[in-house]
Every structure is written in structure tokens, then in C-alpha cells.
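Let's take a look at a protein model together. Have the sequence and the 3D view open as you read.

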Amino acid sequence: MDAVYILILALLLDLTVGEPPYRFHPVVWMGKVIAFLIRFCRMWSPAAQFIWGMLVTLATIALFVTPVFFLLGWLKGFSLIAYFIVAAVLFKITFSLRGLRQAALKIKKLLVKKHLPEARFELRALVSRDCSQLNSGQMVSAVVESVAESSCDSYFAPLFFFIFLGIPGAIAYRVINTLDAMIGKRGKYEYTGKFAAKLDTVVNFIPARLAALFIIMAAVISRASAGNAWRMLRRDAGKTLSPNAGWTMSAMAGALRVQLEKVGFYKLGDPEKALETGHIDVSVKIVYIACLLFSLVAVVGVVIYNVVA
């Protein structure tokens, strides 16, 4: 039952307190460690860069997971109260629902006020595409896409690994996801980040599909189009370059009855309705409901497991 208490406390921390200050955020520390380690290999051969990238990935995971494992083991024998508090804080830093909502709604407010240059600037925090030429509708699409896709790595995946591997599993996931975000894309770190990118794809495989299914269930509760979400998921999930991202985005496109587009790459859903800033609010609502439903299922599953065991 420890997992239930930790999950509830971590959720409360996220929804009420939010993110710790930037300089104290462990994910920022992860980024600094990764940036330091990869600076040595840019002039190496592709094979050497790949091997180094694999070593950096494994070493960074070990660096952050090992002390967490031993710290929690010691705290559990020293003080249960301290154990639950520290465990909840550590788990909370692996996910961010409130932060995702705030980022999306900040851009929405700028779009409503027609502050397009400022909206493009803020959008860079959510997407990796070039935002300099995006119009208002394209920015709404990008935000909705990001909200849907981020439901996986911002909540579903950390909770999935927490359920099965505890806090160390959630921390390991966050390291892998941070590595992918920093060096997993094509570019100057293509070979160094290839192992991390493939590993990120593997660890997100199940969570992405769970997130898509829970988005459909959330669409029922929020009175969006669950049936259309299912149809678009089946039709469009494979249209993205990522084998995972298309699942949540196509389900969201179907639920909203809109078309989400990354120009030159994919179109998901049918344009039954024109994209409006209000769709950002609805997408956030659907993701919140989906995440809370998944949390409820996780809690019930843990309770049943404890009763049966």
C-alpha cells in the first residue's frame, strides 16, 4: 500500500505546489550532467559516438537511480513519515501535470490577445519544430498535439514505471526521456543520441497506448467524441515518424473532431471543426481526466493486489 500513499501525496504536491525552482530541479541536474558528458564526443567517428552515447545513457541512469534506491531503503527503516515525504517528492519530480497545463494555457492567452510573436516564443518550450512562421491555427494545433503527446511522458509513463519498479523506475524513465529530449533528435548528436532515442521509444511503447485509450475514456466523461477518437486512433496512429506519438495525438484529434497538422510531416484527424483557442482548454481537460482515471485504476489495482496477496 506504500505506492498508493506516495501516489496520492505526489499528485497533491503537483496540483497544488507545482515544480520546484529551476536551479533545484533534479531534471535540470540531469540535463547538466548529460550536457557535460556529451561535450567530449562531437568530433569522434559515428561508431565511437554511438558507443559513448550508450555509455552516457547507462551511466546517467545509474548516477541518479542508485542514490535514490539506497536513500529510500534507509529512510524506510529510519522514519516512515520521512520516507513517504521524500518518496512523494522524488516521484513528483518525474511528472508534471500542472506545468503542462500552465504552459498550454499561457500560449492560449497570448493567442486570444493576438500576441502571435510572444506565442511563437513560448511555444518553443512545448514543441521542437520551427515556430517562426506558424499562424494562429497552426499554433493551436501544435499546442493540442503537445498536450496529447506529453500526457504520456509527463504522467502515464512515470506512473507506469512507478507501479512496477517503484521510485527508481520512475527516475530511470525520467533520465531516459531527458536524454531523448536533449540528444535523441537528428542533428549534431544524431549518433550519440541514437541509443537513448531507441530506448525512449521502447519504454514509451506501452504507456503511449495506455494514454491513448484513457484519452478515449476521458472523451466520454468530457462529452467529446469518444467514438470518433477511436476511429481516428485506428486510422491515423501510424502516420507519425514516432511509433508512439501518433497514438495520443490521433485520439485527441478524433475526440475534438479537428485536424492536427505538422506541415510537411503528418495530418491527423478530419477537419470537421476549425481549430480554435478553446480546443486547447478542452484538450487539457481531457488529459487531466485521463490521467486521474489512470491514477484511480492504479490505486484500485494496487489495493486488489494487496488484498489477494
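Below we visit a pocket and then a pair of packed helices in this predicted model.

## The second largest pocket

Rolling a probe the size of a water molecule over the atoms shows where empty space is left. Here, the second largest pocket has a volume of about 510 Å³. It is lined by 25 residues, and the ones closest to its centre are Ala3, Phe162, Ile163, Phe164 and Gly166.

Which helix gives the largest share of this lining? That's H7, with eight residues. Helix H7 covers 136–183, and helices H1 (2–16), H3 (46–78) and H12 (278–308) also supply at least two lining residues each.

## Helices H5 and H6

Two packed helices are described by the angle between their axes and the distance between the axes. For helix H5 (residues 97–112) and helix H6 (residues 116–123), the angle is about 165 degrees and the axes lie 8 Å apart. Angles over 145 degrees count as roughly antiparallel, so that is the label H5 and H6 get. The crossing of H5 past H6 is left-handed.

Who does the touching? On the H5 side, the contact is made by Lys106, Ile107, Leu110 and Leu111. On the H6 side, look for Leu116, Glu118, Ala119, Glu122 and Leu123. Sorted by class, this contact of H5 with H6 has six nonpolar residues, three charged ones and no polar ones.

Note on methods: Residues numbered from 1 in each chain as written. Predicted model: local features only at pLDDT ≥ 70, side-chain atom pairs only at ≥ 80, totals over all residues. Heavy atoms only, no water. 1 Å grid on protein atoms, 1.4 Å probe; cavity = no way out; pocket = protein on both sides within 12 Å on 5 of 7 lines; lining within 4 Å. Points joined across faces, edges and corners; volume = space filled by probe spheres on them. Helix = DSSP H or I, 4+ residues; strand = E, 2+ residues; numbered from the N terminus. Axes fitted to C-alpha atoms, helices over the stretch in contact; angles between N-to-C directions. Parallel < 35°, antiparallel > 145°, perpendicular 65-115°, else oblique. Left-handed = near helix turned anticlockwise from the far one by under 90°. Contact = heavy atoms within 4.5 Å. Nonpolar A, V, L, I, M, F, W, Y, C, P; charged D, E, K, R; others polar.
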